[in-house]
Amino acid sequence: MTIAVLLKQVPDTTAKITVSGGRVDESAVSKWSMSPYDEYALESALQLKDSGGEDIVVITAGPARCEKLLRDAAAVGADNLVHVLVENIGDLDSTQVQALLAAAVTNSGAEVVFCGKQAADTNAGSTGPGVAELLGAACVTLVSKVSADGDGYSALRPSAAGSERVAVSAPCVFAFDKGRTEMRRPNVRGIMMAKKKPIETLTAGDLGVDLGAASVTIISHSPPAEKPPGQKFEGADSVSTVVGKLRDEANVI
Amino acid sequence: MPYEALDFYDVDSLLTEEERMVRDMVRDFVDEEVLPKIEQACADGVFPDEWRVALGEMGVLGAPLEGYGCPGLSYTAYGVICRELERGDSGLRSFASVQGSLAMYPIWEFGSEEQKNHYLPKMASGEWVGCFGLTEPDYGSNPGDMITKAEDKGDHFLLNGAKMWITNGTIAQVAIVWAKLDGVIRGFIVEKGDEGFSAPEMKGKHSLKASVTSELVFSDCKIPKDRILPDGKGLKGPFSCLNNARYGIAWGAVGAAQACFDSARDYAGTRIQFTHPIASYQLVQNKLAWMLREITKAQLLAYHLAVKKDAGTWIAEHISLAKMNNVDIALDIARMARDIHGANGILDEYCIMRHMANLESVKTYEGTHDIHNLILGRHITGIQAFTREI
C-alpha cells in the first residue's frame with residue numbers, strides 16, 4: 001500500500017515575518033520549514049512503514065525552494081518525492097491547491113493520504129477535507145494516530161467523551177493534529193540517500209489540472225497590531241492601583 | 001530567543017546541500033537534546049550517555065572516514081558537525097573529536113584489516129567508545145620523550161606506564177595507546193578489562209565539566225600480539241591523528257564563539273541601562289563589531305582549510321594556524337561576551353561562562369596555543385624552537 005503524505009513548506013515559526021506592500025515579504029523569510037502538523041503526518045506514515053512496509057510518497061506544491069522540504073522528508077525515510085511546481089503558490093486559493101494535490105495523489109497511485117490539519121502559515125485547515133472531496137475519499141480529521149487495521153485503517157481522534165477510534169478503508173484521507181511522537185531526526189545515511197533520490201517534478205499541465213481563476217483573492221496582509229507598552233508600578237502605594245487594573249482591565253483576578 | 005548562527009559573509013552558502021542538511025540535523029540535536037541538559041550535566045560532572053547514543057544514531061562519529069560502517073562524509077561536513085556540537089558545548093565536541101579523529105582514525109589509517117572490521121563498525125555506531133592515550137603526567141607538549149613502554153614477551157605485549165588528561169578514558173571500551181617498543185613509538189589497542197589496565201577518572205575540573213577526563217594506568221598490562229597497529233611508527237602516528245582532531249577544533253571554536261556572540265547580541269538588545277538598550281552605546285557596539293569581525297575571519301579560515309583538507313592540499317601548519325587562531329578569538333569573544341552580559345554573564349542561565357571555561361582547555365589541548373606558534377615559527381624560519389637539545 002502506498003501512503004501519500006502532503007507537505008507544505010512554511011516560514012519557520014522562529015522566522016521574522018515582514019509585510020511590505022500589503023503582502024508578506026517571502027524574500028525576507030530567513031528560514032523555511034515543514035509545517036509542524038505535516039511533520040506529525042509524516043512521522044505517523046513512517047511508523048506505519050516501519051511496521052507494515054508501506055511505501056511513502058511525499059507531495060508538495062510550491063516554488064523551487066520546496067525541493068529542500070522533499071529532501072528533508074527523504075532523509076527521514078520517504079520513498080518517492082513529488083514536486084508540483086507552482087512559482088506563484090501564494091496567488092492560488094485553497095481549492096486550486098487542493099485540485100493540484102488531489103491530481104498528484106491520483107497520479108502517484110496512492111489511495112491513502114496523510115496531511116496536517118492545517119498549515120502553520122495560512123491556517124485554513126481545508127486541505128485534508130478538500131482533497132478528500134476531490135478524491136471521493138473518506139476523511140478523518142484531527143487524528144493523532146493511525147494504525148493498520150485489517151484491510152483498512154483505524155484512527156484515533158478526540159470526541160466529546162474523550163477520544164474515539166474511527167475505522168475506515170481506502171480511499172481515505174487523515175488530517176493530523178499533534179501526534180504522539182515528534183518527527184524523527186534524520187541520520188547521515190538517510191541524508192546521503194536523500195541526495196540521490198530523484199524528484200518527480202510536475203506542473204498543473206502535466207497533471208491535467210485546469211486551475212482557472214482563483215475564487216478567493218487576498219486583498220492584503222497586515223502585521224498584528226503592536227502590543228501596547230507595559231505599565232510599571234513601584235512601591236507599596238501602587239498596590240491598590242495594580243489590583244484594580246488586574247481586576248478591571250486584565251480580568252485576571 | 002532561538003539561536004541565530006552568525007554568518008555575516010554567508011559562508012554556509014558554500015556548503016553542499018548535503019552538508020547543510022547534516023548541519024541542520026546536528027543543530028536541532030543540540031537545541032533539543034543538549035542545551036536543555038547541559039548545565040545539569042556540568043553540575044553533575046557527567047557526559048550524558050544518551051548523547052553517545054544519539055551521536056551514533058545520527059551517524060556522525062568518524063564522519064570523514066569511509067567504509068567499515070563509517071559515514072564517509074567530507075572533511076567539510078566533519079568540520080560543520082564539530083562547529084554545531086561545540087555551539088552546544090566543547091565537552092560534546094571533544095567526545096566526537098576523540099571518538100572519530102583520535103580513536104577511530106588511527107585504526108582506520110594504521111590498523112590491520114581484522115582490526116578495522118572488528119572495531120570500526122561498533123565505534124561508528126557509538127556502541128563502543130574510544131579514547132587516545134598520548135599525553136603523560138610529565139610529557140605534554142613533548143610527547144616524544146614519553147615513558148610508557150611496551151615489551152614483546154613472545155606471545156603477548158606487556159605495557160607499563162601512565163597517561164593523563166585522557167578524554168573519554170573511563171567510559172571507553174577501546175583505548176589507542178602510544179608506547180615505546182624498542183625505543184620506537186607504536187600504537188596499541190587496549191581494551192577495557194585487559195589485565196593490568198585501569199582508567200580512573202580525574203575530578204575537580206572547572207572546565208569541560210560535561211566531559212569525562214581520565215588517567216590511563218598500565219601496570220604489567222598484558223595485551224595480545226594482534227593489538228599492535230601495524231603502521232604509524234614514531235610520532236607521525238599520533239600526530240596524524242592530532243591533525244584531524246585539531247582541524248575539527250578549528251571549526252568547533254567557531255561554534256562556541258557564535259554561541260557567545262548570539263547571547264551577547266540578544267542581551268545587549270534587551271538590557272536597558274540609562275533608559276536605553278546597552279546595544280545603543282558605542283562601547284558595546286564596538287565590542288559586537290569586533291566579535292563579528294573575528295568570527296567572520298575564523299569562519300573563512302575554517303572553510304578554506306576544509307577545502308584544502310578535502311582536496312588533500314593541506315599541510316600541518318595550515319591546521320596549526322586555524323586551531324590556534326580560532327580558539328584564541330573564541331576565548332576572547334567569550335570573555336568579551338561576559339563583559340557585555342555584566343554580572344549576569346557569570347550565571348548558568350547564559351552559556352558564556354561555560355564556554356569561556358571550556359575554551360581554556362581547548363586552548364591548551366591538542367597542541368597548546370604556544371606550541372602552534374612554534375610550529376608556525378619553525379615553518380617560517382626553518383629553525384625549530386621547541387628545545388635547546390638538537
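1. Pro11(A) sits in strand β2 of chain A, a strand that covers residues 9-11. The model in which it is placed is a predicted one.

2. Which residues does Pro11(A) touch beyond its neighbours within four places in sequence? The contacts of Pro11(A) on that count are Ile17(A), Val29(A), Trp32(A) and Asp121(A).

3. Turning to chain A as a whole, its secondary structure consists of six helices and 14 strands. Chain A has 253 residues, and 36% of them count as buried. Its C-alpha atoms occupy a box of roughly 70 × 45 × 40 Å along the principal axes.

4. Contacts in chain A can also be sorted by sequence distance. Taking those between residues at least 6 apart in sequence, 70% join residues at least 24 apart.

5. Chain A also meets chain B: eleven residues of chain A are in contact with 14 residues of chain B. On the chain B side, helices α1 (17-34) and α3 (49-58) each supply at least two of the residues that touch chain A. The largest share, seven residues, comes from α1(B).

6. What is the make-up of the side of chain B that touches chain A? Its residues divide into nine nonpolar, four charged and one polar.

Note on methods: Residues numbered from 1 in each chain as written. Chains lettered and ligands numbered in written order. Predicted model: local features only at pLDDT ≥ 70, side-chain atom pairs only at ≥ 80, totals over all residues. Helix = DSSP H or I, 4+ residues; strand = E, 2+ residues; numbered from the N terminus. Buried ≥ 20, exposed ≤ 12 C-beta atoms within 10 Å, placed from the backbone. Contact = placed C-beta atoms within 7 Å. Nonpolar A, V, L, I, M, F, W, Y, C, P; charged D, E, K, R; others polar.
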